[in-house]
Amino acid sequence: MKINEFINKHKIQEKILNSFSHIVNSNKIKDLNIEDKEIPIDIKKIDYKQTELNQHSFQTSILKNKKEIGYYAVFFTNDGNEIDDFFVIN
């Protein structure tokens with residue numbers, strides 16, 4: 001299966017947005033090391049890698065005032081199930 005088919009079949013963009021929103025909304029500002037919760041991700045620009053364990057890694061920038069302040073990465077199985085995610089502020 002090609003990566004675009006995988007993204008569409010498993011609604012990966014929607015899952016990434018929902019997962020990111022959940023992290024931002026369920027944690028305190030100081031726990032996330034951010035100034036406020038008005039931080040979007042750049043869902044139109046997603047970097048893809050296949051891991052050594054044959055999992056799918058998607059990474060996108062976290063923005064503040066249109067500048068990158070970190071990244072958000074989500075890992076999925078071949079079935080489109082989320083395995084893990086990382087929220088990193090530079």
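## An aromatic cluster

Phe6, Tyr48, Phe58 and Phe76 come together as one aromatic cluster in this predicted model.

## A second ring pair

The model holds six aromatic pairs in total. One of them joins Phe20 and Tyr72, this time edge-to-face, with 5.3 Å from centre to centre and 65° between the planes. Phe20 sits in helix α2 and Tyr72 in strand β3, so here too the pair ties together parts 52 residues apart in sequence.

Are these two residues buried or exposed? The cut-off for buried is under 20% relative accessible area. Phe20 has 5% relative accessibility and therefore counts as buried. Tyr72 has a relative accessible area of 0%, so Tyr72 is buried too.

## The nonpolar core

Phe20 and Tyr72 turn up again in the largest nonpolar core, which has 18 residues; along with Ile16, Ile62 and Phe87, they touch the most other members. Which elements give two or more residues to this core? They are helix α2 (12-26) and the strands β1, β2, β3 and β4. The largest share comes from α2, with five residues.

Leaving aside residues up to four places away in sequence, Phe20 touches Ile39, Pro40, Ile41, Ile62, Tyr72 and Phe87. Three of these names, Ile62, Tyr72 and Phe87, are also among the core residues that touch the most other members.

## The sheet

Now to the strands themselves. Four of them form an open sheet in the order β1-β2-β3-β4, with antiparallel pairing. At the edges are β1 and β4 (82-89), each of which pairs on one side only. From one strand to the next, the twist averages 20°.

Strand β2 (residues 56-64) is mostly covered, as eight of its nine residues are buried. In a regular strand, side chains alternate between the two faces of the sheet.

## Two hairpins

On one side of β2 is β1 (residues 41-50), which runs antiparallel to β2 and is joined to it by six bridges. Gln50 stands opposite His56 of β2. These two strands make a hairpin with five residues between them, and Asn54 in the turn has a positive phi of about 65°.

How many bridges pair β2 with strand β3 (residues 67-76)? There are nine, again in the antiparallel sense. Along this pairing, Ile62 stands opposite Gly70 in β3. β2 and β3 form a hairpin too, with two residues between the strands. The turn contains Asn65, which has a positive phi of about 55°.

Technical notes:
Residues are numbered from 1 along each chain as its sequence is written. This is a predicted model: local features need pLDDT of at least 70, side-chain atom pairs count only at pLDDT 80 or more; totals for chains, interfaces and linings use all residues. Side-chain values use heavy atoms; hydrogens and water are left out. Buried means under 20% relative accessible area, exposed over 50%, partly exposed in between (1.4 Å probe, protein chains only). Helices (H or I, at least four residues) and strands (E, at least two) are DSSP runs, numbered from the N terminus. Two strands pair if DSSP finds at least two bridges between them. Axes are lines fitted to C-alpha atoms, for helices over the stretch in contact, and angles run from 0 to 180 degrees between N-to-C directions. A nonpolar core is a set of buried Ala, Val, Leu, Ile, Met, Phe, Trp, Tyr and Cys residues joined through side-chain atoms within 4.5 Å. Contact means heavy atoms within 4.5 Å. Rings of Phe, Tyr and Trp (its six-membered ring) pair if their centres lie within 6.5 Å; planes under 30 degrees apart count as stacked, over 60 as edge-to-face and the rest as tilted.
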